[in-house]
Amino acid sequence: MRSNFLSALENLREFEGFASNDPNDEGGPTVFGIARTFYPTIPWPPTWEQAKMIYLTDYWIKGGCDALPFPVDVCHFDGMVNPGPGAAPQFLMWSSEHKDPLRRCTEYLLCRQEYYLERVRKRPA
């Protein structure tokens, strides 16, 4: 694990570090950004220590973030969390033509923005 994980995690916590239960969120109740729907077997609500381990194993490591240069690693980790591991690998692939990490990260974010725009078009709620 690179030290970038801890920085990426702290950045994520700023936006995911609370409990929510938005009726329009497919994940249902969430704490620290961990959705109960996707983690039904963990004790609820998760502690921050549990959330950190989930983020490390299910998002950072599974996303291959350790093999990516900064800032692509942080950008991809965030994408693995939201919109998720179904969409994020596509952004990584679509941005792979750029060898410069800053350009690749920019392209990744543009792909992610297009993804969100399409989701809003299909489901405005």
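Which residues in helix 1 are buried? Before selecting them, note that this is a predicted model, in which local features need pLDDT of at least 70 and side-chain atom pairs count only at pLDDT 80 or more, while totals for chains, interfaces and linings use all residues. Residues are numbered from 1 along each chain as its sequence is written, and side-chain values use heavy atoms, with hydrogens and water left out.

**Stop 1: helix 1**

Select residues 3-16, which make up helix 1. Helices here are DSSP runs of H or I with at least four residues, strands are runs of E with at least two, and both are numbered from the N terminus. The buried residues of helix 1 are Asn-4, Phe-5, Ala-8, Leu-9, Leu-12 and Glu-16. They sit on the same side of helix 1, because they cover an arc of only 130° around the axis. That arc is taken from the directions that run from the helix axis to the C-beta atoms. "Buried" means under 20% relative accessible area, "exposed" means over 50%, and "partly exposed" is in between, with a 1.4 Å probe and protein chains only. An α-helix has 3.6 residues a turn, so residues three or four places apart point the same way.

The face turned away from the buried side carries the exposed residues Ser-3, Ser-7 and Glu-14. From first C-alpha to last, the 14 residues of helix 1 reach 20 Å, close to the 20 Å expected at 1.5 Å a residue. The expected span is 1.5 Å times one less than the number of residues.

Next, select Phe-18, in the loop between helix 1 and strand 1. Phe-18 is partly exposed, at 43% relative accessibility.

**Stop 2**

Three of them form an open sheet in the order 1-2-3, with antiparallel pairing. Two strands pair if DSSP finds at least two bridges between them. Strand 1 (19-20) and strand 3 are the edge strands, each pairing on one side only. Strand 2 (residues 30-31) pairs with strand 3 over two bridges. Which residue stands opposite Val-31 in strand 3? Ile-34 does.

Between strand 2 and strand 3, select Phe-32 in the loop. Phe-32 is buried, with a relative accessible area of 15%. Its phi is near 55°, a positive value in a residue other than glycine.

**Stop 2: two cis peptide bonds**

Most residues other than glycine have a negative phi, and most peptide bonds are trans. Select Trp-44 and Pro-45: the peptide bond from Trp-44 to Pro-45 is cis, with omega near -5°. Pro-45 lies in the loop between strand 3 and helix 2. Then select Phe-70 and Pro-71, where the peptide bond is also cis, with omega near 5°. The loop between helix 2 and helix 3 holds Pro-71.

**Stop 4**

Select residues 88-94, helix 4.

Move on to Tyr-116 in helix 5. Tyr-116 counts as partly exposed, at 31% relative accessibility.

**Stop 3: the largest pocket**

Finish with Asp-25, Glu-26, Gly-27, Asn-82 and Pro-83, which lie nearest the centre of the largest pocket among its 32 lining residues. A pocket is an open set of points on a 1 Å grid over the protein atoms alone, where a 1.4 Å probe fits, with protein on both sides within 12 Å along at least five of seven lines; lining residues have an atom within 4 Å of a point. About 1000 Å³ of space lies in this pocket. That volume is the space filled by probe spheres set on the points, with grid points joined across faces, edges and corners.

Which element gives the largest share of the lining? Helix 5 does, with four residues. By class, the lining has 18 nonpolar, eight polar and six charged residues. Ala, Val, Leu, Ile, Met, Phe, Trp, Tyr, Cys and Pro count as nonpolar, Asp, Glu, Lys and Arg as charged, and the others, Gly among them, as polar.
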